[in-house]
Amino acid sequence: MFQTTRRRLALWYTGVTAILLLVFASGFYLYVRGTLIERVDDTLSHVVEVVQRSLVVEASNADLSPLDSPFIVNLEASFGDPPDAVDDDRIDLEWFSAEGDLLWSTLSEVLEVPIRLGYRGETVEIADDYLLRQLTQRVMLNGNVLGYLRVSHPWFEVTKPARQLFIDLSLGTSLLVGLVATTGWFLSGLAIEPIQDSYQHLKQFTADASHELRNPIALIQTNVQVALADPELEMPEQRQQLEVIERLTQRLGRLVDDLLFLARQDSGMLEIDYQPCPLDAVLMEVVEDQRALATSKGVHLHLHLEETGAEMVPSEEPFSVIGDYDQLVRLFTNLVSNGIQYTPAEGRVRVTLKQSLRQGIPYLKAMVEDEGLGIPAEAIPHVFDRFYRADPARQRSLISATQQPVSSGKVMGTGLGLAIAQAICHNHQGQMSVSSRLQQGTLFTVTLPQQLSRKIDVKSAPSEEINQLP
């Protein structure tokens, strides 16, 4: 339980920190990439301004139509000879006429890119893995278009540092997440340690208190029985009071035994003797022990053993499991006694045992079905909780249905029987389910494997390992 809580704390701490780091790294990456793009665009704009100021414009001597510009740009005086392309990171210039014809360029090859005017740069794909950042502006003089100037800058000036930054941030974030996970695991251990110590002290106290209470309870019960056996006790009122004390003492003794069992189960001190165990013999013993109670209440108690199916492998011990005989007796005693307790007179409690196969693995399925008042649907998920009791109206309905008044000394169960039954079932790698219908009855189904899939060390980690069994 505590290891699971510790893992959850560490995972939450790591997850939240990882999300924050991811948000920070993404924001930082986008900010740096945007800054690089802005710097390239500023460079292109500056180059355009410098080139525009250095243009040599002359009057045109040719016969012009009314739509033609009276001015022309002297390309040789303005640009000179195109330089040789030696640097991959240089800025290239292109000059287009007013009609859009390329007149001068520093590029070694003509780009098949149409002229697109804009005040901001745009990224253009020239070839695979070859991108350019371009800025194109119209050059005018006295309202006349002289031409178009396009400036290009290699895009790897942005992609290269951005890619390197992405790699660095990924590695850094991964390392930080790993460091945070380690730190979170350490800190969650420190945080859970005092809680674990307190819980261990509480479990130890419960076990010690339950153990210490057994002796005085046994002494009280013995003295009461001695007093009841005294032939000189003639007053009916005193005998009735002693009988009430005896019943309450018995109930208190059962409660102490149940608490001691659960405390040992939680603390890992419960010793389980796994041996080949005939489950049919267990159920026969339970039925015989409970038959007197069933007869006194007018309830019919039956045990039915189903024959081995054709799909099962014949065996000398078809109903044998690996388990603790005494614990299995306690499990089914709780279920059968519950069925008898909540079944009205002339009702039936049926105990059925049969074999079944699940994914090729042999299982034994024991079913305890009663004809009692049933369990409300909203209470079924909680019936295995400790000290959980269904609606008290169910108790009143039970008394009315059986027409048996309950004296002040006869108190219903402690609310621990089903919790103990489920713990024993988990100790044997089994499953327990319940289905019920109001005023019709309840069915408890216990499914136990005939062979344990692995050895269970209940002393080491019962509350974690056993609860995770299928």
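The model is predicted: local features need pLDDT of at least 70, side-chain atom pairs count only at pLDDT 80 or more, and totals for chains, interfaces and linings use all residues. Residues are numbered from 1 along each chain as its sequence is written, and side-chain values use heavy atoms, without hydrogens and water.

H5 has a kink of about 40°, centred on Arg291. The bend is the angle between axes fitted to the seven residues ending at a residue and the seven starting there. Gly298 follows H5 and has a positive phi, near 75°.

Buried residues of H5 include Leu279, Leu283, Val287 and Ala294. Buried means under 20% relative accessible area, with a 1.4 Å probe and protein chains only. Among the elements covering them are helix H6 (325-341) and strand S14 (441-449), where contact means heavy atoms within 4.5 Å.

The largest nonpolar core holds 48 residues; Leu331, Phe332 and Leu335 touch the most other members. H6 gives the most to this core, with seven residues. Such a core is a set of buried Ala, Val, Leu, Ile, Met, Phe, Trp, Tyr and Cys residues joined through side-chain atoms within 4.5 Å.

Conventions: Helix = DSSP H or I, 4+ residues; strand = E, 2+ residues; numbered from the N terminus. Buried < 20%, exposed > 50% of the residue type's maximum accessible area, 1.4 Å probe, protein only.
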